[in-house]
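Here's a quick tour of how the pieces of one protein model sit against each other. Have a look at the structure first, then follow the notes below.

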Amino acid sequence: MNIIVCVKQVPDTAGGVSFNPDGTLNRAAMEAIMNPDDKAGLEAALRLKDQYKAHVTVITMGLPKAEDVLREALAMGADRAVLITDRVLGGADTWATSQTIAAGIRNLEYDLIITGRQAIDGDTAQVGPQISEHLSLPVISYAQDIKIEGDYVIVQRQYDDRYHVLKAKMPCLITALSELNEPRYMTPGGIFDAYDKEITVWGRADLKGLDDENIGLNGSPTKIAKASDKVRKGKGEVFKDLDPDQAAGKINENLLERHII
């Protein structure tokens with residue numbers, strides 16, 4: 001079984017977000033990590049590797065420094081890593097990104113493709129399903145459990161307060177939730193081995209069947225007009241020296257004034 005996992009290097013938003021004067025993310029000023037949903041997808045692939053001796057390839061599109069998340073994936077147990085990087089691919093939206101990654105995947109053998117549900121720097125949840133569309137593959141999104149049965153994959157798909165059980169014949173694509181599992185840690189031996197392995201690097205010339213009009217900033221039909229940090233809440237109003245009944249009445253009064261209740 002050949003499994004491809006799509007991963008992305010994203011800013012670590014837990015420590016806050018930094019912006020450039022034009023409103024775009026200042027990625028250079030922020031720590032970079034592997035996207036959490038993608039890491040859960042990688043862990044799912046590694047568990048299938050442990051169970052079925054699958055071959056796991058991780059692929060990413062980004063700047064040369066995205067090699068860091070590929071090394072992390074190799075240290076966790078992935079067998080091969082592919083970095084797609086080229087200046088002409090910069091500034092891509094989800095449409096152009098998915099076109100590019102799909103072109104890279106066409107260079108590889110696969111039975112199953114796993115992506116994260118969405119990236120924490122964009123939250124669109126579009127790239128995975130778009131890749132499946134470009135490759136004419138069935139897709140199951142929001143996976144919270146994955147099992148293999150012969151040539152089929154059986155997935156619990158998260159849905160509101162319940163889940164669907166869906167079955168698809170491979171090859172197919174699955175988008176994983178971060179709640180899917182608890183990703184394993186890198187081992188010291190895995191880290192040493194990861195830096196001994198060669199990462200395959202592809203540029204624009206290595207991507208066949210890809211139109212220039214569908215790549216990079218010029219091939220992106222959507223543009224980010226402006227980005228901003230989340231709105232900070234103002235200081236709350238504090239009522240002192242009230243007994244419990246008075247406090248409850250005051251809270252109720254304020255909620256009514258604001259039409260919350």
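**A briefing on contacts, helices and cores**

Leaving out residues up to four places away in sequence, Ile84 touches Ile59, Thr60, Met61, Gly62, Leu89, Thr100, Ile101, Gly104, Trp202 and Leu207; contact here means heavy atoms within 4.5 Å. Keep in mind that this is a predicted model, where local features need pLDDT of at least 70, side-chain atom pairs count only at pLDDT 80 or more, and totals for chains, interfaces and linings use all residues. Residues are numbered from 1 along each chain as its sequence is written, and side-chain values use heavy atoms, with hydrogens and water left out.

**Ile84 and Trp202**

- Ile84 is found in strand S5, while Trp202 belongs to strand S11 (residues 200–202); helices (H or I, at least four residues) and strands (E, at least two) are DSSP runs, numbered from the N terminus.
- Ile84 counts as buried because its relative accessibility is 0%, and Trp202 counts as buried at 11%. Buried means under 20% relative accessible area, exposed over 50%, and partly exposed in between (1.4 Å probe, protein chains only).
- Not counting residues up to four places away in sequence, Trp202 touches Arg80, Val82, Leu83, Ile84, Thr85, Gly104, Asn107 and Leu108.
- C-alpha to C-alpha, Ile84 and Asn218 are 18 Å apart in space and 134 residues apart in sequence.
- Trp202 and Asn252 are 50 residues apart in sequence and 62 Å apart in space, again C-alpha to C-alpha.

**Helices H1 and H2**

- The axes of helix H1 (residues 36–52) and helix H2 (residues 67–76) come within 11 Å and cross at roughly 30 degrees. Axes are lines fitted to C-alpha atoms, for helices over the stretch in contact, and angles run from 0 to 180 degrees between N-to-C directions.
- That makes H1 roughly parallel to H2 (under 35 degrees is roughly parallel, over 145 roughly antiparallel, 65 to 115 roughly perpendicular, and the rest oblique).
- On the H1 side, Lys39, Leu42, Glu43 and Leu46 meet Glu72, Ala73 and Met76 in H2. The residues of this H1 and H2 contact divide into four nonpolar, no polar and three charged (Ala, Val, Leu, Ile, Met, Phe, Trp, Tyr, Cys and Pro count as nonpolar, Asp, Glu, Lys and Arg as charged, and the others, Gly among them, as polar).
- Eight of the ten residues of H2 are buried, so H2 is largely enclosed by the rest of the structure.
- Covering those buried residues of H2 are elements including strand S2 (9–11), H1 and helix H5 (188–194).
- Just after H2, Gly77 takes a positive phi of about 135 degrees.

**Helices H3 and H4**

- Helix H3 (residues 94–105) and helix H4 (residues 127–134) pack at about 50 degrees, with their axes 9 Å apart.
- H3 and H4 are therefore oblique to each other.
- The contact of H3 with H4 has six nonpolar, six polar and no charged residues.

**Nonpolar cores**

- The largest nonpolar core has 39 residues, of which Ile3, Val5, Leu42, Val58, Leu112, Ile146 and Val153 touch the most other members. A nonpolar core is a set of buried Ala, Val, Leu, Ile, Met, Phe, Trp, Tyr and Cys residues joined through side-chain atoms within 4.5 Å.
- Apart from this core lies another, of 21 residues, among them Ile4, Ile59, Ile113 and Leu210.
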